[in-house]
Amino acid sequence: MNDWNKSWWLETLPGPITPNPAPEGTVKTDVAVIGGGFTGLSTAYHLKKLDPGLEVRLLESHICGYGASGRNGGFSMTLFGLTKGITRFRFGDARARAAHAYMEQAVDYLYRLVQEQQLDPDYEATGYLLVATSKAQEKRLEHDFKLAEKWQLEGIERWDRARLQQEFHTDLYRLGWFEPRCGILNPAKQARAMKALAEREGAIIHEQSPVTRIRRGADRRFLIKTPEGEVQADYLVLATNAYSIAFPELRSKQTPVFTHIVLTEPLTDAQMQAIGWQNRAGVEDARNFIHYYRLTRDNRIVMGGGDVTLTYGTNLDRDLNERTFRHLEQHITEVYPQLRGIRITHRWGGPVSITTDMAPVIGFLGEDRRALFSVGCIGHGVSMTHLNGLTMAELICGKKTERTEMFFVGRKVIPWPPEPIRFAVGHLIRGYMRLEDRLLYK
Ligand SMILES: Cc1cc2nc3c(=O)[nH]c(=O)nc-3n(C[C@H](O)[C@H](O)[C@H](O)COP(=O)(O)OP(=O)(O)OC[C@H]3O[C@@H](n4cnc5c(N)ncnc54)[C@H](O)[C@@H]3O)c2cc1C
């Protein structure tokens, strides 16, 4: 057992992983990217695409795909931040509308990348379905439909109860928001395919290379320390997502929160018939602590979400939560009583990155535009991180595009307080959201 076998997705990779070698001694490079998830890999790939003359080195502490990118639900979706309502409340209509357009571009871009580069992450263009399973959730969805009308969004279908019952053999769904442009994929296969793609373009990737310290040299270069070497770089990209808590420079920008997943054995043909789900769309409900679920290529059910786990300080070892796993297992049969007795084969969890206003940011370290970071995609980063990689590469290459001009690039984030206040504030917010779910959203 390797210490990177963190999800069933990582077990489905076609062969065993031999990690790339770590840097030894001192090496100089143009751009150093820290973190081998979708963000880092996409940034490295796009940098080489935009300027093949640049030397780009990526440093990953474990293996590429070890973090959230190799463990997530695999929904490629258009949601920016936590909900449309919160994004609008925080940034106003125009920006929230622009954020949705960026996310539509992200979903389309990821799909095109998979097709054109012949990546093989088991992508299924199934669409995405947001369902209301209680009266209060229905009200929430109606609010989203009103916003969609106001913002003149296209590509969204309203599914009523009859349509939902025809597609899914469950009584639970009352109203549905369906977006056909979205899809589902195997995230670990996607992460490994992005690694191969970045390498094909000439990026140098080091695995098992944890960055232990970052300093500035006298010549203003970034001196990036790993256990056996030092990488000296003109540009620095911190693509460490929730793990950014370990870097003092990013500690207040975001906080890690763990979300969890359980996986069933493959459903038989009879079980598949019993539950319907012919369209195979990824489904989420409209609670605060959503349930998200989907089918895998071999017809297992991935059921994720429910309550989240908070961390204290820099502890990132909260992958497993027995209570949440049990809740998720029960929820499978709440949606589909037909599946009573189905066997659970895998359980895992992973960290998502949360800013104080629940919205993503591509930022710069202080005034230095040679040091970039990306955090805060929460549980909606699969498509966004791929496009953010292009945006960050454009920023480094000095290009001005519609992406680099987005309002969340270089925005100031309200800092999280230091511990122990951070932990207390996190618990207060979580407690409030849980209470709402119990009383209202069920
Ligand atoms: C359980 C779960 C379910 C999710 N489901 C969905 C979903 O269905 N749809 C969706 O859109 N989003 C989902 N998300 C969110 C999505 O996975 C993330 O937004 C996205 O993968 C973030 O990618 P990233 O590259 O920024 O971060 P990560 O994939 O976390 O990559 C960061 C990398 O940095 C490395 N690293 C950390 N510290 C160091 C260091 N000191 N030195 C070197 N390397 C370091 C880590 O090992 C890691 O590989 C989910 C997340 C989780 C955890």
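Residues are numbered from 1 along each chain as its sequence is written. Because the model is predicted, local features need pLDDT of at least 70 and side-chain atom pairs count only at pLDDT 80 or more, while totals for chains, interfaces and linings use all residues.

**Overall form**

The protein has eleven helices and 19 strands; these are DSSP runs, with helices being H or I of at least four residues and strands being E of at least two, numbered from the N terminus. The C-alpha trace spans about 65 × 45 × 45 Å along its principal axes. Among contacts between residues at least 6 apart in sequence, 77% join residues at least 24 apart; a contact requires C-beta atoms, placed from the backbone, within 7 Å.

**Domains and ligand**

The domain assignment, automatic or from a database, gives domain 1 (8-71 + 188-254 + 358-426) and domain 2 (125-185 + 256-354). Their centres, taken over C-alpha atoms, are separated by 29 Å. Domain 1 puts 21 residues into the contact and domain 2 puts in 16 residues. On the side of domain 1 that touches domain 2 there are eleven nonpolar, eight polar and two charged residues. Here Ala, Val, Leu, Ile, Met, Phe, Trp, Tyr, Cys and Pro count as nonpolar, Asp, Glu, Lys and Arg as charged, and the others, Gly among them, as polar.

Both domains give residues to the shell around the ligand, so the ligand lies between them. Of the 43 residues around the ligand, G37, G67, G73, G350 and G381 come nearest; a residue is near if its C-beta atom, placed from the backbone, lies within 6 Å. Elements giving two or more residues to this shell are α2 (38-50), β12 (255-264), β17 (344-354) and α10 (382-396). The largest share, four residues, comes from β17. The shell holds 19 nonpolar, 22 polar and two charged residues.

**Core**

The largest nonpolar core has 112 residues, and V31, A32, V33, A44 and V237 have the most contacts inside it. Such a core is a set of buried Ala, Val, Leu, Ile, Met, Phe, Trp, Tyr and Cys residues joined through C-beta atoms within 7 Å. Helix α4 (residues 93-116) gives the most, with nine residues. Domain 1 and domain 2 each supply at least three residues to this core. Residues up to four places away in sequence aside, A32 touches R57, L59, F222, I224, V231, A233 and L236.

**Single residues**

Of the 442 residues, 47% count as buried: 20 or more other C-beta atoms lie within 10 Å of a buried residue's own, against 12 or fewer for exposed and partly exposed in between, with C-beta atoms placed from the backbone.

| Residue | Phi | C-beta neighbours within 10 Å | Class |
|---|---|---|---|
| R280 | near 65° | 18 | partly exposed |

W277 is in the loop between α8 (269-275) and β13 (282-285), and R280 lies in the loop between α8 and β13. The peptide bond from E419 to P420 is cis, with omega near 5°.

Terms used: Two residues are in contact if their C-beta atoms, placed from the backbone, lie within 7 Å.
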